[in-house]
Every structure is written in structure tokens, then in C-alpha cells.
Amino acid sequence: METPATFAEFERIEIRAGTVVEARPFPEARKPAIQLVIDFGEGIGLRRSSAQLTVHYAPEALVGRQVMAVVNFAPRRIAGFSSEVLVLGVPDEAGAVVLLRPDQAVPNGARMF
């Protein structure tokens, strides 16, 4: 485990729920990825993300799914695409990403605490 974070540091990271409204393959990315457009509701709106989800998820299966993402990191350029949020996941036994998501529907933009 790394050096412990303070609670104040944790509070600075905004992890919010959003619903995927668009998903398409991203063949230009160096590693297999999917481009997502996620609705985080009023106040945050639509944000884009590139996520390496191709092992367990097809783009069409992601539309309508709620996900958790960090919404206050600076955008990153990935193969000419601006990834504005970091969608959260954990690795399975083989290292492929499995999405973190609410187990019940929550309002878009709901903040994790």
C-alpha cells in the first residue's frame, strides 16, 4: 500500500455517477479502447472518455449503463481525442477492466462519499 492519503485529499476528488449515452470503438488508440459520452446531469453535463473496456464490453452494450468516474481531473489527449473524465474500473484475474457502477439506479451526477 502507498503512503496514506488524508481525508482532505480524498474530498478533492469528485467521483460521480453518470449514464453512458454514446459508445463507439476507438481504433486510433494505442491500446484497444472505446470512446464514451457520459451524461453527468445538470451542472456537469456531457463528458467524453476513452476507456480500455474492450475485453468485457461491446460499445452497444454500454449505452444506458451507469458508470462511476472522476470528473475533476484535467483532460488528456489520447490519439487526438480529448478524454475529459476517468471512468473507474478494477482488473479481473487476467487484468481486463471491469467497470465500477452503482448496483441501483442513482441520479446522474450523484457524488460518491
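## Strand pairing, cores and local contacts in a predicted model

In this predicted model, alanine 17 stands opposite methionine 68 in strand β4, where strands (E, at least two residues) and helices (H or I, at least four) are DSSP runs numbered from the N terminus. Residues are numbered from 1 along each chain as its sequence is written, and side-chain values use heavy atoms, with hydrogens and water left out. Local features need pLDDT of at least 70 and side-chain atom pairs count only at pLDDT 80 or more, whereas totals for chains, interfaces and linings use all residues.

Strand β1 (residues 15-25) is joined to β4 (residues 66-70) by 5 bridges, and the two run antiparallel; strands are taken to pair if DSSP finds at least two bridges between them. With β2 (residues 34-39), β1 pairs in the antiparallel sense over 6 bridges. These strands belong to an open sheet of 5 strands, ordered β3-β2-β1-β4-β7, in which the pairing is antiparallel. The edge strands, each pairing on one side only, are β3 (46-51) and β7 (86-87). Individual partners of β1 residues are listed below.

| Residue | Opposite residue | Strand of the opposite residue |
|---|---|---|
| Alanine 17 | Methionine 68 | β4 |
| Valine 20 | Isoleucine 38 | β2 |

Arginine 16, placed in β1, counts as buried at 18% relative accessibility, given that buried means under 20% relative accessible area, exposed over 50% and partly exposed in between (1.4 Å probe, protein chains only). Its side chain makes a polar contact with the side chain of glutamate 14 at 2.8 Å, and a polar atom of the arginine 16 side chain lies 2.7 Å from the backbone oxygen of glycine 109. A polar contact here is a pair of N or O atoms within 3.5 Å; within protein, one must be able to donate a hydrogen and the other to accept it, and residues adjacent in sequence count only if both atoms are side-chain atoms. Leaving aside residues up to four places away in sequence, arginine 16 touches a set of residues including Phe40, Ile44, Val67 and Arg111, with contact meaning heavy atoms within 4.5 Å.

Which residues have the most contacts inside the largest nonpolar core? They are Val20, Leu36, Ile38, Leu53, Leu62, Val87 and Leu99, in a core of 16 residues; such a core is a set of buried Ala, Val, Leu, Ile, Met, Phe, Trp, Tyr and Cys residues joined through side-chain atoms within 4.5 Å. The elements giving two or more residues to this core are β1, β2 and β4, and its largest share, 3 residues, comes from β2. Apart from this core lies another, of 5 residues, among them Ile15, Met68, Val70 and Leu88.

The structure also holds 2 aromatic pairs. Phenylalanine 7 and phenylalanine 10 form one that is tilted, at 5.9 Å centre to centre and with 40 degrees between the planes; rings of Phe, Tyr and Trp (its six-membered ring) pair if their centres lie within 6.5 Å, and planes under 30 degrees apart count as stacked, over 60 as edge-to-face and the rest as tilted. The two residues are separated by about one helical turn because they are 3 residues apart in helix α1 (residues 7-12). Phenylalanine 7 counts as exposed at 58% relative accessibility, whereas phenylalanine 10 is partly exposed at 36%.

Finally, alanine 79, although not a glycine, has a positive phi of about 50 degrees. Alanine 79 sits in the loop between β5 (76-78) and β6 (81-83).
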